Amino acid sequence: MAGKHKRKLEDLSVDEFLLSGFDSFEGDDSENENPECGSEEQPVSREKSKKKGKASEHKDQLSRLKDRDPEFYKFLQENDQKLLNFDDIDSSEDEEEQKYHILPTELQVASSDEEEPDEKTEKAKKSADKSTKVTAKMIEEWRTELKKDSSVRLIRDITQAFKAAVATTKGESEAKCRYTVADSSIFNALILLCIKDMHGALNRLLNLKAPEKDQKKLILPSSSPRWQKNQIDIKMYLSGLVQLLSSLTESTVTAAVLRHAHQMVPYYLCLPKQGRQLLKQLVKQWSTGEETVRVLAFLALNKICRHKQSIYLNPVLKQMYIAYVQNCKFTSPNSLPIINFMQRTLAEMYSLDTQVSYQHGFIYIRQLAIHLRNAMNMKKKETYQSVYNWQYVHCLYLWCRVLSTVYPSEVLEPLIYPLCQVIVGCIKLVPISRYYPLRLHCVRALILLSGSTKTFVPVLPFLLEILQQEDFSKKPGRMSVKPINFAVILKLSQTNLQEKAFKDGLIEQLYDLILEYFHTQAHTVGFPELALPTVIQLKAFLKECKVANYCKQIRQLLDKVQENCSHITSRRQKAAFGVADSIAVAAWEKQVAEEGTPLTKYYSQWKKLREKEIQLEISGKERMEDLNFPEIKRKKLQEKNEDKKEFKGLFDSDSDSDGDDLMQKLKDDDDDDDDDNDDDEDLEDLSDLSGDDDDEDDVSEVEGVSDGSEAKASTSEGKAPKQVSGLDLQELAEGDEDVVEDLELSDQD
């Protein structure tokens with residue numbers, strides 16, 4: 001056993017130690033050490049072994065290999081140098097160390113709050129010193145250089161300056177920008193330079209040819225060999241342009257930037273991220289901007305979606321529909337043209353791809369039908385409100401316009417019937433007189449859909465029902481100051497129903513809609529049969545109605561309908577085909593439509609006059625609002641009683657009758673109000689209109705009473721007093737002489 005053991009290190013001489021090396025004594029030391037010493041040094045060795053990873057151990061083995069086997073080590077140096085010179089950083093060690101938090105050897109002293117802003121200001125000062133301030137002279141130099149030649153360096157400088165200018169609009173720091181824009185005049189000059197000259201400069205830089213007039217396909221900048229070299233600068237410029245567009249508030253400046261963005265559409269088509277950012281801003285400007293801004297935003301949207309339909313059309317249509325619904329919640333004479341513009345432009349966007357439009361139309365029309373079904377089943381205030389509001393009505397009208405614009409289309413044609421059913425269900429949901437305006441809106445949408453898609457929709461019963469339900473011969477309960485604008489209301493108040501303007505406007509609306517519907521069907525073979533129920537109903541109305549103005553309009557409409565019936569009947573007698581021959585019937589109707597009928601000729605003339613009347617009404621209302629008319633103050637009841645006491649001898653006989661008439665008038669008014677309230681006792685106020693008109697009912701009753709008392713007083717004055725004798729009248733006539741006082745005129749008079 002002793003022979004097997006190696007000699008201890010202390011027994012060796014220096015020469016023996018150098019010749020033998022360290023390997024032969026490593027194990028021996030560990031065996032022969034005292035237990036006490038071993039217990040102390042064991043944790044140190046364990047710590048060293050923990051710190052020493054596998055990679056470092058492998059490198060030590062390779063270093064020892066040089067002494068043990070020099071030939072093999074030389075072979076490795078010649079053939080596999082990477083094996084010897086590998087990185088000894090052990091990834092496993094780092095991963096294990098990262099799992100646990102290692103405490104620092106020394107704790108850092110926290111700096112005071114006063115030192116932090118000083119460091120930030122010093123950094124800001126250093127960055128400001130590094131950045132260059134843009135001056136008017138620099139902008140002029142850039143402008144002249146752009147006209148001569150557009151180099152990469154020049155475009156980069158202008159782009160960096162533009163980035164710094166846009167950063168000021170958001171209040172961001174300019175630490176990352178090479179330039180600073182401190183003056184508003186410099187900002188305006190720089191933006192003007194980019195809007196006017198940047199598009200042409202980029203085209204010259206990329207060597208893009210100008211598109212020909214008849215060429216519809218865009219030349220994308222990515223096709224240029226210089227695109228990759230300048231892509232970063234162009235991307236920075238386009239992002240800044242979108243950021244500038246989002247921060248502008250002045251409509252004229254926004255319109256100028258939108259024109260420039262419309263020019264830069266080919267560049268946005270090459271960069272998807274910047275293109276999505278631009279589309280988001282364009283939809284916002286299309287739905288909320290001024291008139292010119294809306295038009296320019298729509299042109300840019302249309303241009304992008306036409307050239308990248310597969311990528312952008314579906315999300316853009318969804319965003320535009322949501323923006324349309326959000327911005328048609330309230331309708332007024334000022335907002336109605338804007339809503340009509342959004343309807344027409346959105347219908348134009350849906351016409352780009354009928355397959356995508358069918359998917360959207362199916363989902364949204366089904367959503368409208370679900371709201372209607374819930375309202376019919378639940379019969380609560382909340383469910384009624386989900387249908388009887390402006391957003392629902394405008395959505396119905398939008399889809400009628402979309403189907404009318406896209407027709408003829410085999411893809412979208414199946415949506416016509418469910419849309420008609422939803423509109424008819426909306427009319428029948430609450431069929432009372434207070435919701436006549438909503439009914440008229442729905443009927444107008446059905447007329448548009450029926451006339452454009454050549455689909456028969458029974459619209460006339462909903463209009464003739466109004467003639468049957470309303471008593472137009474009954475005198476109105478109160479006089480109105482201004483006419484009711486049916487185009488911007490959905491519901492009438494109880495006060496409106498008692499006004500004369502309600503019946504006047506209702507007759508005008510019925511005249512317009514019946515004439516418009518007959519205009520769409522005037523050239524059809526079955527027009528006489530279609531118009532027969534209407535002719536009978538109009539004749540019955542003329543017999544019952546006693547108001548001359550209403551009878552005049554209805555009689556004129558009846559004459560035109562009968563004239564057209566006789567015209568179609570005479571043309572049918574000359575036809576040589578049967579009704580079953582659909583091709584011959586279609587050709588005959590087309591020929592009659594081209595030649596024109598009496599009703600279509602009258603409708604074209606009436607339409608022009610009607611539009612002029614509407615414009616005059618609008619301008620007249622504006623002029624009336626500008627003028628400050630004096631208010632007419634009525635006499636109080638106390639003053640009237642004092643007058644009656646003073647002349648009690650003259651009006652003694654009529655005073656009792658006046659009181660009786662006044663009480664009778666109050667009873668009649670209360671009865672009328674009770675009759676009107678019976679119609680709506682089971683229905684609550686559903687529309688989003690204010691209830692101020694309903695609160696004015698009591699005021700109107702008082703005004704009606706005062707009017708009635710004045711009328712009675714005037715009639716009583718006209719009567720001769722019966723109880724006064726002739727002698728009394730003579731004494732009154734021969735009384736004191738009237739004293740005429742001089743009028744005191746002021747200096748101004």
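**Helix chat**

Modeller: Happy to! Helix 29 is followed by G596, whose phi is positive, near 95°. Helices here are DSSP runs (H or I, at least four residues), numbered from the N terminus. This is a predicted model, where local features need pLDDT of at least 70 and side-chain atom pairs count only at pLDDT 80 or more, while totals for chains, interfaces and linings use all residues. Residues are numbered from 1 along each chain as its sequence is written, and side-chain values use heavy atoms, leaving out hydrogens and water.

Colleague: Which residues of helix 29 are buried?

Modeller: A584, V585, W588, E589 and V592. Buried means under 20% relative accessible area and exposed over 50%, with partly exposed in between (1.4 Å probe, protein chains only).

Colleague: And where do they fall, seen down the axis of helix 29?

Modeller: Within an arc of 135°, so they line one face of helix 29. The arc is taken from the directions from the helix axis to the C-beta atoms.

Colleague: What sits on the face turned away from the buried side?

Modeller: The exposed residues I583, K590 and E594 of helix 29. As for the buried residues, what covers them includes helix 28 (548-573).

Colleague: New topic: at what angle do helix 10 and helix 12 pack?

Modeller: About 25°, with their axes 9 Å apart, for residues 152-169 and 227-247. Axes are lines fitted to C-alpha atoms over the stretch in contact, and angles run from 0 to 180 degrees between N-to-C directions; contact means heavy atoms within 4.5 Å.

Colleague: Which residues make that contact?

Modeller: Among them are R156, F162 and V166 of helix 10, and M236, Y237 and L244 of helix 12.

Key:
Helix = DSSP H or I, 4+ residues; strand = E, 2+ residues; numbered from the N terminus.
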